[in-house]
Amino acid sequence: MEKFRAVLDLHLKHHSALGYGLVTLLTAGGERIFSTVVFQCPCSATWNLPYGLVFLLVPALALFLLGYMLSARTWRLLTGCCAPSAGAGCWSGLRGYLVCAQLSAAAALAPLTWVAVALLGGAFYECAASGSAAFAQRLCRSRHDSCADELPLVPCHQAQASDVQDLLKDLKAQSQVLGWILIAVVIIVLLIFTTVSRCLSPVSFLQLKFWKIYLEQEQQILKSKATEHATELAKENIKCFFEGSCPKEYNTPSIKEWQQISSLYTFNPKDQYYSLLHKYVNRKEKTHSIRSTEGDTVISVLGFVDSSGISSTPGL
């Protein structure tokens, strides 16, 4: 039991890093399976280029869209956005575009991993490049006269001229170099973005730690209380249905109140709140809206506030 508790505590503390690591491993493993089991280069001047690009880019696009779908912030931004009463609140100015940029950056992890691992493997690039007329002109300079015609056969080891077949090594080297360049660029950009966002953070390192602890506790208690309230309400309704009696009055939050705590979090240095729920219960007037006030800004380092939810809380 102690070992299980230690593993659970590790998951709660580092669930974001573990999640990103798991996504990376699954993506890399999926690429290896695709390249060895599914992928078969047609070795045709007509089909090599589109076939290789489809395997290289289409799964990356699918993973990018899947990253949007699996993000809690996406559905916080979109849910109820097209309702007649929503107005332009969902995409209000710069804040909506900043959130979309952050969502895109997070969703790009899996597709970039796919492309990088695919380039390191080389199979997709070799097939695509061997079917490109532009690559054929550059690679076949001062080589056999039939080089351009035999180049599409290189990935299948069917080229008759030995010097043409040796171009497979060049294609693989180009692919792997591009793969390592992509990995280096991604790491550098990620390091710069993380450093800048932390430098611009309005709160300290330890307060960020406290903030995350507060959110974990708030979501655990919110789910527990919501489950308890929903259970009591369901029991009362079923009891009244079978007994034909009138139900007791239960104080359930209204649609407007749920909307207030379901929007995207914005930071305001004048009033320090750790979540929209915290901000809502501390509003000065009962009719006061918390959705947008003067001085509210989207802080990238506080993006984890929107990532939590009743159904997405770790361990629940």
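The protein chain folds into 15 helices and zero strands, with both element types taken as DSSP runs numbered from the N terminus (H or I over at least four residues for helices, E over at least two for strands). This is a predicted model, so local features need pLDDT of at least 70 and side-chain atom pairs count only at pLDDT 80 or more, while totals for chains, interfaces and linings use all residues. Residues are numbered from 1 along each chain as its sequence is written, and side-chain values use heavy atoms, with hydrogens and water left out.

**Confidence**

- Mean pLDDT (the predictor's confidence in each residue, from 0 to 100) comes out at 82 for the protein chain, and 83% of its residues reach 70 or more.
- Residues 1–15 have pLDDT below 50, and beyond near neighbours in sequence that stretch has eight contacts in the model; a contact here means heavy atoms within 4.5 Å.
- Residues 312–316 also sit below 50 in pLDDT, with 10 contacts in the model beyond near neighbours in sequence.
- A quick reminder: where pLDDT is low, the predicted coordinates should not be read in detail.

**Overall packing**

- Of the 316 residues in the protein chain, 34% count as buried. The cut-offs are relative accessible area under 20% for buried, over 50% for exposed, and partly exposed in between, using a 1.4 Å probe and protein chains only.
- Take the contacts in the protein chain with a separation of 6 or more: 69% of them come from residues 24 or more positions apart.

**Helices α6 and α7**

- Packed helix pairs are described by the angle between their axes and the distance between the axes.
- For α6 (residues 109–121) and α7 (residues 123–130), the axes come within 5 Å and cross at roughly 75°. Those axes are lines fitted to C-alpha atoms over the stretch in contact, with angles running from 0 to 180 degrees between N-to-C directions.
- The two helices are therefore roughly perpendicular to each other. By angle, under 35 degrees is roughly parallel, over 145 roughly antiparallel, 65 to 115 roughly perpendicular, and the rest oblique.
- On the α6 side, the contact is made by W114, A118, L119 and G121, and on the α7 side by A123, F124 and Y125.
- Those contact residues divide into six nonpolar, one polar and no charged. In this scheme Ala, Val, Leu, Ile, Met, Phe, Trp, Tyr, Cys and Pro are nonpolar, Asp, Glu, Lys and Arg are charged, and the others, Gly among them, are polar.
- The rest of the structure largely encloses α7, because seven of its eight residues are buried. The buried ones are F124, Y125, E126, C127, A128, A129 and S130.

**E126, inside α7**

- E126 is found in helix α7, and at 10% relative accessibility it counts as buried.
- Leaving out residues up to four places away in sequence, E126 touches P155, L168, L171 and K172.
- E126 and P155 are 29 residues apart in sequence, yet their C-alpha atoms are 6.4 Å apart in space.

**Helix α12**

- Helix α12 (residues 205–243) has 39 residues and reaches 57 Å from its first C-alpha to its last, close to the 57 Å expected at 1.5 Å a residue. That expected span is 1.5 Å times one less than the number of residues.
- Q207, L208, W211, L215, E218, Q219, E236 and C240 are buried in α12.
- Cover for these buried residues includes α11 (167–199), α14 (276–281) and α15 (304–307).
- Just after α12, G244 takes a positive phi of about 70°.

- C43 has phi near 55°, a positive value in a residue other than glycine. C43 sits in the loop between α2 (15–38) and α3 (48–69) and is buried, with a relative accessible area of 11%.
- H157 is another non-glycine residue with positive phi, near 60°. H157 lies in the loop between α9 (147–150) and α10 (162–165) and is exposed, with a relative accessible area of 57%.

- G96 has its place in helix α5 (residues 93–107) and is buried at a relative accessible area of 4%.
- L26 is found in helix α2 and counts as exposed at 59% relative accessibility.
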